[in-house]
Amino acid sequence: MNSHVMPTYARLPVSFERGEGVWLWDTDGKRYLDALSGIAVCNLGHAHPAVTAAIATQAGKLVHTSNLYQVGLQEALADNLANASGMDNVFFCNSGAEANEAAIKLARKYGHGMGVDEPVIVVMENSFHGRTLATLSATGNRKVQEGFEPLVGGFKRVPFDDIQAVSTLSDPNVVAILVEPVQGEGGVRIPSPDYLERLREICDQRQWLLMLDEVQTGMGRTGSLFAFQQTSILPDVVTLAKALGNGVPIGACLARATAAETLTAGKHASTFGGNPLACAAAQAVLKTLREENLVERARILGSAIAKNLRAALSGNPHLIEVRNKGLMIGIQLDKPCGALVGLALEQGLLINVTAETTIRLLPPLILTDEQAQLLVGQLSGIVNAYVFP
Ligand SMILES: *Cc1c(COP(=O)(O)O)cnc(C)c1O
């Protein structure tokens, strides 16, 4: 095949033509249960009528003007996000990496304001923050960085879920911590229950910004609208993207208190950021999450699926653990199991394997109980029948 698309992805041999709810149909008309939601993007499932209508209506009215002008829909979405999160304001962009770039710039600017000329941001081992130069430098995965040196400086890496490693840092240039509430690409790693609270204490003592990358955990995925809402803390900065537009590209960097006053006129910008089309989609997403009670649904359904998977896989000698935070579910095996993705695909089930040994499920939040049962039955069948090479 002579593709003119740059070969940056190892793509599976399937192409989808149509989707509805949790289902996708390929170009041969075969149906698949989507337990990945385009990697935590289509949290409302495919072609959700409310989002489709919002996009269609807005597209017929106005798609883009410019951030040179007032954008009413952007104001309305920012209000909605601020009220829902307890944050003060929002910068809109188009992706997760861009949202994190905004956070990184914000932290550096904050540092300079504090008289730190070479500000340092604390980041974690095993983390994932994106593929732009600054965000791949922040990412704790050598494979993502290899070949792109020199990396962007100003990051200090420590082990994830290790408070001691953070509290013993003595570098006076540190100005912020950037961390995922649950590591997604890193293998659905869930830190100790008081991890964010302890990080908050350290940040308060030292006047560091606590910046949460909720690009994957946000928008109801973990059983609260934002993962930090299952703790008692408020972060200084939160980044969002993935499910914010249910597939329409939009990213956001939310900030609070001093952090909210840091990026002023002329200090950051995006041509597309927060355009009327993307904001209309995101407003429909927030409205639907509320109206259909999907955040609570993610919490209840996630526990049920994890429990049923544990039971169905209990006799499997390769199972290490099933863990979940809402509908962010990881099934860790004792060996690399990437081949399961292709086997599941053949059987009409879309899953993912991350960090080599962890099956990752990120099903749409609209999954019914019957569909959840189908998912557990089909997946456990595939895993239990699999003979490791
Ligand atoms: C996916 C992801 C990103 C990158 O988002 P893009 O939209 O691909 O740039 C950043 N952080 C986390 C935690 C993610 O899961």
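Buried means under 20% relative accessible area, exposed over 50% and partly exposed in between, with a 1.4 Å probe and protein chains only. The legends below use these classes.

The model is predicted: local features need pLDDT of at least 70, side-chain atom pairs count only at pLDDT 80 or more, and totals for chains, interfaces and linings use all residues. Residues are numbered from 1 along each chain as its sequence is written, and side-chain values use heavy atoms, with hydrogens and water left out.

**Figure 1. Overview of the protein chain.** The protein chain holds 12 helices and 15 strands. Its radius of gyration is 21 Å, close to the 21 Å that the globule rule gives for 389 residues, so the chain is as compact as a globular protein of that length. The radius is taken over C-alpha atoms, and the rule is 2.2 Å times the number of residues to the power 0.38. Helices (H or I, at least four residues) and strands (E, at least two) are DSSP runs, numbered from the N terminus. The C-alpha trace spans about 60 × 55 × 45 Å along its principal axes. Of the 389 residues, 53% are buried. Among contacts with a separation of 6 or more, 70% join residues 24 or more positions apart. Contact means heavy atoms within 4.5 Å.

Figure 2. The accessible surface comes to about 17400 Å². Carbon and sulfur atoms account for 52% of that surface. Areas come from the Shrake-Rupley method with a 1.4 Å probe; for residues, only the protein chains shown count as cover. There are 31 positive and 37 negative side chains. The centres of the two sets lie 1 Å apart. Lys and Arg count as positive, Asp and Glu as negative; His and the chain ends are not counted. Each charge is placed at NZ of Lys, CZ of Arg, CG of Asp or CD of Glu.

**Figure 3. Phe-92 in strand S4.** Phe-92 sits in strand S4, residues 89–93. Phe-92 is buried, at 3% relative accessibility. Leaving aside neighbours within four places in sequence, its contacts include Gln-74, Leu-77, Ala-78 and Leu-81. Ile-250, Gly-251 and Ala-252 are also among them, as are Ser-270, Gly-273 and Gly-274. Leu-44 is 48 residues from Phe-92 in sequence and 21 Å from it in space, C-alpha to C-alpha.

**Figure 4. Ser-270 and Arg-131, two annotated positions.** An unreviewed UniProt entry places the feature "binding site" at Arg-131 and Ser-270. UniProt positions follow the numbering used here, feature names are shortened, and annotations may be inferred rather than shown by experiment. Ser-270 lies in the loop between strand S10 (251–255) and helix H9 (276–291). Ser-270 is buried, with a relative accessible area of 14%. Beyond four places in sequence, Ser-270 contacts Asn-67, Phe-91, Phe-92, Cys-93, Asn-94 and Glu-98. Arg-131 lies in the loop between strand S5 (120–124) and helix H5 (133–138). Arg-131 is exposed, at 58% relative accessible area. Not counting residues up to four places away, Arg-131 touches Ala-97, Leu-136 and Val-144.

**Figure 5. Gly-274 in the loop between S10 and H9.** Gly-274 belongs to the loop between S10 and H9. Gly-274 is buried, at 1% relative accessibility. Not counting residues up to four places away in sequence, Gly-274 touches Val-71, Gln-74, Phe-92, Cys-93 and Cys-279. Ala-99 is 175 residues from Gly-274 in sequence, yet 12 Å from it in space, C-alpha to C-alpha.

**Figure 6. Lys-242, an annotated modified residue.** The unreviewed UniProt entry lists Lys-242 for "modified residue: N6-(pyridoxal phosphate)lysine". Lys-242 is found in the loop between strand S9 (237–240) and S10. Lys-242 is partly exposed, with a relative accessible area of 23%. Not counting residues up to four places away in sequence, Lys-242 touches Ile-39, Ala-40, Val-41, Val-215, Gln-216 and Gly-247.

Figure 7. The peptide bond from Glu-149 to Pro-150 is cis, with omega near 5°. Pro-150 sits in the loop between helix H6 (142–145) and strand S6 (155–158). Ala-47 is not a glycine, yet has a positive phi of about 55°. Ala-47 lies in the loop between helix H1 (37–40) and helix H2 (49–61). Val-188 also has a positive phi, near 50°. The loop that holds Val-188 runs between strand S7 (174–179) and helix H8 (195–206). Val-188 is buried, at 1% relative accessibility.
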